[in-house]
Amino acid sequence: HAVGYLCLLTLEWPYPPQDEMPQGVDTIVVLSGDYQVYDATGKFVELAPDSLKRCLHGANLYRRAEGGRILVSGGTTRRAGPSLAESMRDFLVQIGIPAKDILVEDQSQTTYENATYSAAILEKIGVQRIVLVTTASHMFRSERCFRAQGLEVFASGCNHHATQWLWEIENFVPSASGIGEVETAMHEWLGIVWYWLHGRL
């Protein structure tokens with residue numbers, strides 16, 4: 001756990017928890033994580049914890065701003081069922097966000113495509129400044145992808161895992177959760193390097 005904490009900290013430390021909306025910004029972009037489709041028709045869909053927490057954080061920001069709009073971004077990852085963005089939109093409507101204030105980008109398959117496809121939608125409605133919501137460990141790469149599209153980005157990370165260290169003996173014992181944290185951080189750092197080499201950041 002100690003190693004996993006340190007690995008995630010390298011990604012999360014620039015994005016401490018916060019829930020304020022910058023003045024003059026009325027558009028929140030929420031990136032998808034994952035979901036589960038439980039049947040062949042795609043009728044029964046459940047957002048995975050990462051998508052769920054991002055939606056909840058985006059909804060909280062929307063309410064603090066007392067309006068505006070939310071753009072949800074994420075394509076289809078299964079043969080059947082709605083896109084991630086559609087599932088996120090449906091969840092946001094269920095928790096009280098007006099459907100008229102939700103924009104859907106449902107074609108993207110990667111973080112880079114999240115940025116490029118979302119930027120195209122935002123350009124059409126004249127939006128240049130956004131609050132970007134994603135998991136804190138995913139924010140470094142995401143923020144830079146959106147900035148590369150010419151957008152002014154205010155990062156608002158959520159689902160932090162490295163905000164408070166507890167000096168407990170079990171944190172120094174190898175565990176499955178610790179291995180998972182290291183894997184998450186390494187995946188993200190490799191993605192950052194790959195994106196940088198290909199000029200996407």
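1. Buried means under 20% relative accessible area, exposed over 50%, and partly exposed in between, using a 1.4 Å probe and protein chains only. Asn 159, at 18% relative accessibility, counts as buried. Asn 159 sits in the loop between β7 (152–158) and α6 (176–197). Its phi is near 55°, a positive value in a residue other than glycine.

2. This is a predicted model: local features need pLDDT of at least 70, side-chain atom pairs count only at pLDDT 80 or more, and totals for chains, interfaces and linings use all residues. Residues are numbered from 1 along each chain as its sequence is written, and side-chain values use heavy atoms, with hydrogens and water left out.

3. The protein chain has 6 helices and 7 strands. Helices (H or I, at least four residues) and strands (E, at least two) are DSSP runs, numbered from the N terminus. Along the sequence the pattern reads α-β-β-β-α-β-α-β-α-β-α-β-α. Of the 201 residues, 44% count as buried.

4. Now the cores. A nonpolar core is a set of buried Ala, Val, Leu, Ile, Met, Phe, Trp, Tyr and Cys residues joined through side-chain atoms within 4.5 Å. The largest holds 23 residues, and Ile 28, Ile 70, Val 72 and Leu 92 touch the most other members. Elements giving two or more residues to this core include β1 (27–31), β4 (69–73) and α3 (84–94). The most come from α3, with 5 residues.

5. Leaving aside neighbours within four places in sequence, Leu 92 is in contact (heavy atoms within 4.5 Å) with Cys 55, Ala 59, Ile 70, Val 72, Ile 97 and Ile 102. A second, separate core of 16 residues includes Leu 31, Ala 119, Met 139 and Cys 145.
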